[in-house]
Amino acid sequence: IGVLTAITSNNKIVQDDFLLFPNPSNNAIQIKYTGSINEESFIVKIIDISGQIILQTMFDELQSQLIDVHYFPTGMYFLQVDAKDFHLTKKFQVIH
């Protein structure tokens, strides 16, 4: 379920450096990037299976961020992270 579906970068972001857990989740997900990124901000979107944006926020860093998903209906979602030099999408599941 934690499949990386797309990643492009000028900074050579490594798939294993980006973590999303727990997956599946019923309360909150944590996103964590353990590599180094020279970006000033990150736009994070959570998109449901129909393509609707459920949540959109901006972070100054991705070293460790917690996102509350307890109010999301059970289902599959995509976490999309965009910055100036990269874009990535990970799939996750919410189960109640």
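Mentor: K90 is buried, with a relative accessible area of 9%. Here, buried means under 20% relative accessible area, exposed means over 50%, and partly exposed lies in between, as computed with a 1.4 Å probe on protein chains only. This is a predicted model, in which local features need pLDDT of at least 70 and side-chain atom pairs count only at pLDDT 80 or more, while totals for chains, interfaces and linings use all residues. Residues are numbered from 1 along each chain as its sequence is written, and side-chain values use heavy atoms, with hydrogens and water left out.

K90 belongs to strand β8; strands (E, at least two residues) and helices (H or I, at least four) are DSSP runs numbered from the N terminus. The side chain of K90 reaches the backbone oxygen of F18 at 3.3 Å.

Strand β8, which covers residues 86–94, also contains F92. To place F92, one may turn to the aromatic rings. The structure holds three aromatic pairs; rings of Phe, Tyr and Trp (its six-membered ring) pair if their centres lie within 6.5 Å, and planes under 30 degrees apart count as stacked, over 60 as edge-to-face and the rest as tilted. In one of these pairs, the ring centres of F72 and Y77 are 5.2 Å apart and the planes stand at 45 degrees, so this pair is tilted. The rings of Y77 and F92 have centres 5.7 Å apart and planes at 25 degrees, so this pair is stacked. The latter pair links distant parts of the chain, for Y77 lies in strand β7 and F92 in strand β8, 15 residues apart. F72 is buried at 2% relative accessible area, and Y77 is buried at 5%. F92 is buried as well. Ring pairs link Y71, F72, Y77 and F92 into a cluster.

Strand β7, residues 75–82, also holds Q80. With a relative accessible area of 16%, Q80 is buried. Leaving aside residues up to four places away in sequence, Q80 touches I43, V44, K45, I47, H87, L88 and T89, where contact means heavy atoms within 4.5 Å. I43 is 37 residues from Q80 along the chain, yet their C-alpha atoms are separated by 8.0 Å. The side chain of Q80 also makes a polar contact with the side chain of D82 at 2.9 Å. A polar contact is a pair of N or O atoms within 3.5 Å; within protein, one must be able to donate a hydrogen and the other to accept it, and residues adjacent in sequence count only if both atoms are side-chain atoms.
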